[in-house]
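Hi,

Here is the model I promised to pass on.

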Amino acid sequence: PQTRISPTLPAAPPPPSRRRPPYLTLHHHPRPRRPSVRTRRGIAVAVPAPFVRGVWPTRREVPPAATMCGILAVLGVGDVSLAKRSRIIELSRRLRHRGPDWSGIHSFEDCYLAHQRLAIVDPTSGDQPLYNEDKTVVVTVNGEIYNHEELKAKLKSHQFQTGSDCEVIAHLYEEYGEEFVDMLDGMFSFVLLDTRDKSFIAARDAIGICPLYMGWGLDGSVWFSSEMKALSDDCERFISFPPGHLYSSKAGGLRRWYNPPWFSESIPSTPYDPVLIRESFEKAVIKRLMTDVPFGVLLSGGLDSSLVASVVSRHLAEAKVARQWGNQLHTFCIGLKGSPDLKAAKEVADYLGTVHHELHFTVQEGIDALEEVIYHIETYDVTTIRASTPMFLMSRKIKSLGVKMVLSGEGSDEIFGGYLYFHKAPNKKELHEETCRKIKALHLYDCLRANKATSAWGLEARVPFLDKSFINVAMDLDPECKMIRRDLGRIEKWVLRNAFDDEEKPYLPKHILYRQKEQFSDGVGYSWIDGLKDHANAHVSDSMMTNASFVYPDNTPTTKEAYYYRTVFEKFYPKNAARLTVPGGPSVACSTAKAVEWDTAWSKLLDPSGRAALGVHDAAYKEKAPASVDPAVDDVSCSPAHDVKRLKTAVSAAAV
């Protein structure tokens, strides 16, 4: 189905009905009295009314829709009055979009742990906060622990009260103390309170997939929140909690618990093994099929999301979720009409046989949603806002279909050097160090976007490329194999493409497998970015840019588009601490500032779009900037697009 999206907020929905929805047939036949049954590959599937348009097979009633969990913890407050408790509940409500299924709060003397719950695993009994047996250990968690069953097997002397995958955290703390965090395989941010001595710890997952902020109040209190909006008004100072770190009240500070070999940025030497890459990634995808609710895959038609969809489609039938919701995979894509992603995504969906949902938006609809987007994603970074807006709009429509969890392809470009600027990496040492820098900064960019743009509308986004084990395998490779070598027919991410280039059982069509990298903000339609620049040019004057360094001395915006986003951000988050949570520095095609030095021509075109990769992108900016592009940024020359025909398969990369 093709659907237009309205960016305005909907009215509050009525309370969900407890009645089982009536079953309707998918065929064009009169409605039967009994549930309709559709046969697909010999499997009988009943289809309920809410998913007729989405063709979602189900065997049980869908729980109320939910979104990514929101946590708020305030510890050591100076005021323990009822008014303070009410204030904390009020602030926790600012996170309700992350978890409207249920709200919970636990108070102990001057400590409060509040939670807005997402029900993905054990929707009926996993309400939070969670406890140990005697409730002396309390934990509020945002995330998913994929190895919870394995961990529970190690805790045979403990009694679990719920089926929640996150309850294991309280019991691990009892058994191992503060040193258990590295045992967790998943995405998470949590705060744990030990009421026996009033000590507490807070931790964030290895890469920072789940957001977490830490703040300090004037009364000496320590705050933790999934999003900045819940603590920015009441904290004197706050920061983005660093990924892979743990805060201990006993130790009085932060320490890094995640210490993989690649973190030191030393050059590895393990030979390339395509089978190991493929098997490691398939394991990462399969473990993320742990869900008790309907799910789908975000499919842009690029390499990364297409591989996720392909692996899911191969293994869905054997997963537990297929017994509950059927084995028909749903995929979702958004773009301007005629955009590169829409065309490629439909081809992949047809190849894999998924139920594909193609969603359209207009440039004006995206512009109308900008303020909401910036409020939810809490950044003024240009490339993040460009990509978050279509993802924000798509997430709203996905939620309306009853889907609560999606898999996405974030992280691959950082791990394998997939951005187009990596074509200019001078040697393997520079390439490897840049991939390390990119992974370490993911929590400020793509992880932030994928989490907050989806959670704003009731979705949990899971990212198999950022699996801890898979990252270790991929980052242990000799970076020479990641180098882009035109003389050998190797384009960006060749090691990943080659690993899934199976002649006997193809994962994807050849031209999709070797499609040129297209950043999401470009792939939804090139006129999207051009339209944003036009909009900014109309609202930001030359005199405003002249005085930008005085108005915004920190991270001074250098383009009118950046200036416009900054003004919107400061309207919602005016404190200096909020400004400092957003990274800055020059960038070309999503590079770090260090990588800009790889090509002297790039200093003239500091734009995060992939089209700024001069001489690389097949639709790179031309010598004469189009009228819709800000000439102050984009009036540079570029060489013709590179030839990527010299692949080992002799198949041309698609210049879609």
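The buried residues of helix H5 are Leu303, Asp304, Ser305, Ser306, Leu307, Val308, Ala309, Ser310, Val311, Val312 and His315, where buried means under 20% relative accessible area, exposed over 50% and partly exposed in between, with a 1.4 Å probe and protein chains only. That is 11 of the 13 residues, so H5 is mostly covered. Helices here are DSSP runs of H or I with at least four residues, strands are E runs of at least two, and both are numbered from the N terminus. The length of H5 (residues 303-315) checks out too: at 1.5 Å a residue it should span 18 Å, and its end C-alpha atoms are 19 Å apart, which agrees. The expected span is 1.5 Å times one less than the number of residues.

Before you go further: this is a predicted model, with pLDDT of at least 70 needed for local features and 80 or more for side-chain atom pairs, while totals for chains, interfaces and linings use all residues. Residues are numbered from 1 along each chain as its sequence is written, and side-chain values use heavy atoms, leaving out hydrogens and water.

Now the sheets. One is open, with six antiparallel strands in the order E5-E6-E4-E12-E11-E13; two strands pair if DSSP finds at least two bridges between them. E5 (102-108) and E13 (237-240) are its edge strands, each pairing on one side only. On average, neighbouring strands in this sheet are turned by 10° against each other, direction ignored. Helix H1 (residues 82-93) packs on the sheet, touching E4 (70-75), E5, E6 (111-117) and E12, and its direction makes about 30° with that of E6. Contact means heavy atoms within 4.5 Å; axes are lines fitted to C-alpha atoms, for helices over the stretch in contact, and angles run from 0 to 180 degrees between N-to-C directions. Within the sheet, four bridges join E11 (residues 213-216) to E12 (residues 222-225), and glycine 215 has tryptophan 223 as its bridge partner.

Another open sheet of six strands is ordered E7-E8-E9-E10-E14-E15, again with antiparallel pairing. E7 (130-131) and E15 (253-256) stand at the edges with a single partner strand each, so one side of each lacks a neighbour in the sheet. Two bridges join E7 to E8 (residues 137-145), and leucine 130 stands opposite valine 139 in E8. Helix H3 (residues 168-176) lies across E7, E8, E9 (186-194) and E10 (199-204), at about 125° to E8.

For the whole chain, I get 23 helices and 20 strands, with 62% of the 656 residues counted as buried.

Cheers
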